[in-house]
Amino acid sequence: MTAANERLHGVPARTALPPGILARLVLWTVVGVNVLIVETVFLTAEPAKNAILGFGKWLGLHLALIMILQLILVARLPWLDRRIGMDRLTSWHRWTGFTLFWLVLLHPTFILLGYASEYNSTPLTEFNNLKGQMPVLLGMLAAGIVLVAAGLSVRAARRRLSYEAWHAVHVCLYVAVVFGLIHQLTEVSTFTSSAFARAYWWGLWAFALVSLVVGRMVMPLWRNARHQFRVAAVVPEADNVVSVHVTGRNLDKLPARAGQFMIWRFLGHGHWWEANPFSLSAAPTAAACV
């Protein structure tokens with residue numbers, strides 16, 4: 001049956017690519033296009049005072065771009081989550097986090113070396129000169145937070161931390177994002193070189209931050225308000241295994257399937273900050289899900 005015949009008979013036409021592969025292709029194509037834009041803007045901007053300083057600025061641009069990607073990967077964008085899966089997106093977030101770690105080390109190193117070369121001084125002297133400037137100091141604090149979080153994400157360190165401690169450290173990364181934004185706003189950089197560069201860069205940051213706020217805060221609050229989730233029962237099934245019966249309104253309209261896992265926070269039991277992954281044993285009905 002051809003695609004035209006399938007549509008004629010009410011059967012959805014098959015797409016050329018599976019949704020998961022299509023979503024990955026779209027995501028990494030968008031990433032690649034943005035890398036090309038960053039490279040073009042960098043090459044067409046006013047050159048740095050010397051090659052070392054220029055390389056440091058180049059690293060800084062890619063550091064910020066990776067940070068934007070990090071936010072988008074964990075923003076819980078429905079289009080990506082449903083096609084790629086939160087587990088895979090989180091795994092990519094973790095591995096790009098190690099790239100972020102090296103960029104955070106290399107960017108300030110080459111900036112200090114570049115200024116030391118330009119003014120015939122030492123990196124330590126330039127560090128002492130720059131730390132007195134508030135935007136630079138905030139950038140240093142952001143780098144410190146990222147380095148600590150990345151170090152505690154190494155498997156050996158992660159095993160020695162409770163989930164709550166590890167999560168608290170990672171929440172501090174949002175502080176690093178704020179410090180990094182202030183650092184970029186007040187520094188003369190490649191993205192202040194033209195109106196297009198400014199519009200592109202801050203538009204990209206706005207998209208990432210709005211996606212994060214909507215996906216991680218607005219959508220969960222809206223779904224709770226819409227469906228009025230309530231725990232009806234906690235049923236022991238076996239050793240260390242329980243079923244949680246949840247009731248609410250119009251749960252059949254919840255975009256979820258049997259076997260899908262969801263992350264829940266139970267606000268009334270004294271550990272509201274703990275995120276608990278539960279898989280659905282059955283598709284939600286109008287009044288309940290398990």
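This is a predicted model: local features need pLDDT of at least 70, side-chain atom pairs count only at pLDDT 80 or more; totals for chains, interfaces and linings use all residues.
Two strands are taken to pair if DSSP finds at least two bridges between them. P236 has V242 in β2 as its bridge partner. The hairpin that β1 and β2 make has two residues between the strands, and N240 takes a positive phi near 65° there.

Now for the aromatics. The count of aromatic pairs comes to 11. One of them joins W264 and F266: the ring centres are 6.3 Å apart and the planes sit at 5°, so this pair is stacked. Both partners are tucked away, since W264 counts as buried at 12% relative accessibility and F266 counts as buried at 17%. F266 also meets F278, with ring centres 5.9 Å apart and planes at 80°, so here the arrangement is edge-to-face. F278 itself counts as partly exposed, at 26% relative accessibility. Together with F229, the residues W264, F266 and F278 form one aromatic cluster.

The loop between β3 (261-264) and β4 (276-279) also holds G268. With 82% relative accessibility, over the 50% cut-off, G268 counts as exposed. G268 and A206 are 62 residues apart in sequence, and their C-alpha atoms are 34 Å apart in space.

Elsewhere, a charge meets a ring: the charged end of R94 sits over the ring of W95, 5.1 Å from the ring centre.

Technical notes. Residues are numbered from 1 along each chain as its sequence is written. Side-chain values use heavy atoms; hydrogens and water are left out. Helices (H or I, at least four residues) and strands (E, at least two) are DSSP runs, numbered from the N terminus. Buried means under 20% relative accessible area, exposed over 50%, partly exposed in between (1.4 Å probe, protein chains only). Rings of Phe, Tyr and Trp (its six-membered ring) pair if their centres lie within 6.5 Å; planes under 30 degrees apart count as stacked, over 60 as edge-to-face and the rest as tilted. A charge sits over a ring if NZ of Lys or CZ of Arg is within 6 Å of the ring centre and within 35 degrees of the ring normal.
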